[in-house]
Amino acid sequence: MDVKFVPRDPEDFLKSFIEAPTDKTEPCWDGVFDSILSGVKEKDISHAMLKCIKVSDVCPGYKVLNTSNKADKHDEFGQKVDGGLYLNTEKPKGKRNYWFHQRVSFEWKRSDTEDDPFDDTPGCTFEDTSELRKKNRGQIISYASEVLMRQHRCFHFTVVVFGLYARIIRWDRSGAIVTRHFNYKDDPRILCRFLWRFCHLSDEKQGYDPTAVFVERGTPDFASMMRASKKKANTRSRVIKSARWKKRTQSMTSEERKAELERVMLNINREDYARQCFAESLKGGWLRWKVSVDDSCDGSEDSSVEDTSSPSAERSTRWFLVSKPYFMAQGPTGRGTRGYVALDCVTGKFMFLKDAWRVDADGLEKEGAVLKSLNNTEVRNIPTVICHGDVRNQHTITHKYWSDPDPGARNPMKGHAHYRLVEEEVGCSLSRFDTGQLLK
């Protein structure tokens, strides 16, 4: 993530990204962290800070937990972020890290200077290249990546504490905006104000994607996912014995009947493979979601051109049920592509849903628009587009805050727009083929 961090004054950071509630009076934060000592171990800093936050009710309705000793059970790499802010109704049991419901990430370090992942010293490089700073930056990058990969988010916040100083970071797919370091003991307003205001924000303003709806156990959508994953595929003998098959093929010749049977079985095998993939995605403790796609496949000659400037611009919305991605791109920045074997809420058919943050630049056609034009001209071996479109009003902003003293310098960051594409075919991994001959 070289050159993808943007420093910002802490007060400006709060004004830009954490709005104050209009119906609440903010408490006085003087002396909140007075009991925290300098030069003590990480665990002592975290323990004291958590106690201060609790006593002063800095996070109403939420709790900051120290999760440094227990990794998320669903994390194959066993990563243990030091702490996290959780809604009281979502906090994990046993102080175990839980990426799926973590609202804000916390990382505690011991030293005021050496453990700072960045360097505010005038004339120095903000992203200092000393080994310890690089290591600590890599650590928080890794944790942010896990949250953005496992949750449906537009952005995410991290609090990094080092000794008596702290920084707050806002991540999106363009990069990260980082506050200049501040002494939270001498001036507790910045950290307390951030946490208190954050706890009064809506889910959407906390960074969550409102077009992804959590599917709870016991709901009709949850039951639909279970039924679809367990449905058994028809066998060749069952197809032949069915009344529908007999009626459908009664006027066919033996050769025509044989060819039709092969076609039917091919479709059954394809559906069964998709079902197996879907069933696999429901394992491993991943949460289940109902996601929407605002369809821009409106039949116009150029479906990459759509009017999103007006709230009244009409696009049909389709819904799909998903769980664990079939594919996930690593890292907190870039396209963040996730591919899902998804269940169409209306047809009950399995589809392939691609969720990504496409580069948002003039002149770039959307992937679905290109595929759709190829479908329209009947080009062979091209995925069939069911629907596609940008997720309305979801764009990165970090790149807009980048600046350089050199007026001719080029912005190293790109803007990204959230985009979804649904295809009819669920592709089979090349690893399932023993030889290239089988691909013919």
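The following questions and answers go through a predicted model, taking its strands, a helix and its salt bridges in turn.

User: What kind of model is this, and what limits apply to its features, side-chain values and numbering?
Analyst: Local features need pLDDT of at least 70 and side-chain atom pairs count only at pLDDT 80 or more, while totals for chains, interfaces and linings use all residues. Residues are numbered from 1 along each chain as its sequence is written, side-chain values use heavy atoms with hydrogens and water left out, and the model is predicted.

User: How many residues of strand β10 are buried?
Analyst: Strands (E, at least two residues) and helices (H or I, at least four) are DSSP runs, numbered from the N terminus. Buried means under 20% relative accessible area, exposed over 50%, and partly exposed in between, with a 1.4 Å probe and protein chains only. Strand β10 covers residues 289-294 and is mostly covered, the buried count being five of six.

User: Which strand is joined to β10 by six bridges?
Analyst: Two strands pair if DSSP finds at least two bridges between them. Strand β9 (residues 212-214) pairs with β10 in the antiparallel sense over three bridges, and V213 has K290 as its bridge partner in β10. W289 has V322 as its bridge partner in β11. The strand joined to β10 by six bridges, also antiparallel, is β11 (residues 317-322).

User: Which residues does S292 contact beyond its neighbours within four places in sequence?
Analyst: S292 lies in strand β10 and is buried, at a relative accessible area of 8%. Contact means heavy atoms within 4.5 Å. Leaving those neighbours aside, the residues in contact with S292 are T211, T317, R318, W319 and R420.

User: Why do the buried residues of helix α1 lie on the same side, and what arc do they cover?
Analyst: The buried residues of α1 (residues 10-17) are P10, F13, L14 and F17. The arc is that of the directions from the helix axis to the C-beta atoms. These residues lie on the same side of α1 because the arc they cover is only 95°.

User: Which residue caps the N-terminal end of α1?
Analyst: The buried residues of α1 pack against several elements, among them β1 (5-8), β5 (156-162) and α4 (189-198). At the N-terminal end, a side-chain oxygen of the capping residue lies 3.0 Å from the backbone nitrogen of E11. That capping residue is D9.

User: How many salt bridges are there?
Analyst: A salt bridge is a side-chain nitrogen of Lys or Arg within 4 Å of a carboxyl oxygen of Asp or Glu. D116, D120, R167 and R180 are linked in a network of such bridges. By this rule the count is 24.

User: How far apart are the closest N and O atoms of E146 and R150?
Analyst: E146 and R150 are four residues apart in helix α3 (residues 131-150), so about one helical turn separates them. E146 is buried at 5% relative accessible area, and R150 is buried at 6%. Their salt bridge has its closest N and O atoms at 2.7 Å.

User: Is R275, the salt-bridge partner of E271, buried or exposed?
Analyst: E271 and R275 are four residues apart in helix α8 (residues 254-281), so about one helical turn lies between them. The closest N and O atoms of the pair are 3.2 Å apart. E271 is partly exposed at 38%, whereas R275, at 5% relative accessibility, is buried.

User: Which residue forms a salt bridge with D344?
Analyst: The N to O distance of this salt bridge is 2.7 Å. The pair links distant parts of the chain, 26 residues apart, with D344 in strand β13 (residues 338-344) and its partner in strand β11.

Note on methods
Polar contact = N/O pair within 3.5 Å; in protein donor to acceptor, adjacent residues only side chain to side chain.
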